[in-house]
Amino acid sequence: MGLSVSTLSSLKNMSSSMRYVPCKCGHKKVEVIGFETSPVKKTLVPVRKGWYCVECHAWEDAILRETVVEND
């Protein structure tokens, strides 16, 4: 299943407010985006899975509204 142009466009225009969260080690965790099939649209949609710190390898799951990837 390929990605639609609108899906690729929405990835480029994601809101920066949730791209990074602070990590306990003092660095930033960066968001990890995955894709799931929308039961309504039957297409792939971006979903925030969580945040990962490259420095200390900490992981934080995205929950509830945090999983929504907004468009600007």
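Me: Is Lys49 buried, partly exposed or exposed?

Reply: This is a predicted model, where local features need pLDDT of at least 70, side-chain atom pairs count only at pLDDT 80 or more, and totals for chains, interfaces and linings use all residues. Residues are numbered from 1 along each chain as its sequence is written, and side-chain values use heavy atoms, with hydrogens and water left out. Buried means under 20% relative accessible area, exposed over 50%, and partly exposed in between (1.4 Å probe, protein chains only). Lys49 has a relative accessible area of 34% and is partly exposed.

Me: With which residue does Lys49 form a salt bridge?

Reply: Side chains of opposite charge can pair when their charged atoms come close. The criterion is a side-chain nitrogen of Lys or Arg within 4 Å of a carboxyl oxygen of Asp or Glu. Lys49 pairs with Glu36, with 2.7 Å between the closest N and O atoms. Glu36 lies in strand 2 and Lys49 in strand 3, so the pair ties together parts 13 residues apart in sequence. Strands here are DSSP runs of E, at least two residues, and helices are runs of H or I, at least four, numbered from the N terminus.

Me: Which residues are linked in a network of salt bridges?

Reply: The network links Arg19, Glu31 and Arg48. Arg48 meets Glu31 at 2.8 Å, N to O, and both residues are buried. Arg19 and Glu31 have their closest N and O atoms 3.9 Å apart. Arg19 is partly exposed at 26% relative accessibility, whereas Glu31 has a relative accessible area of 11%.
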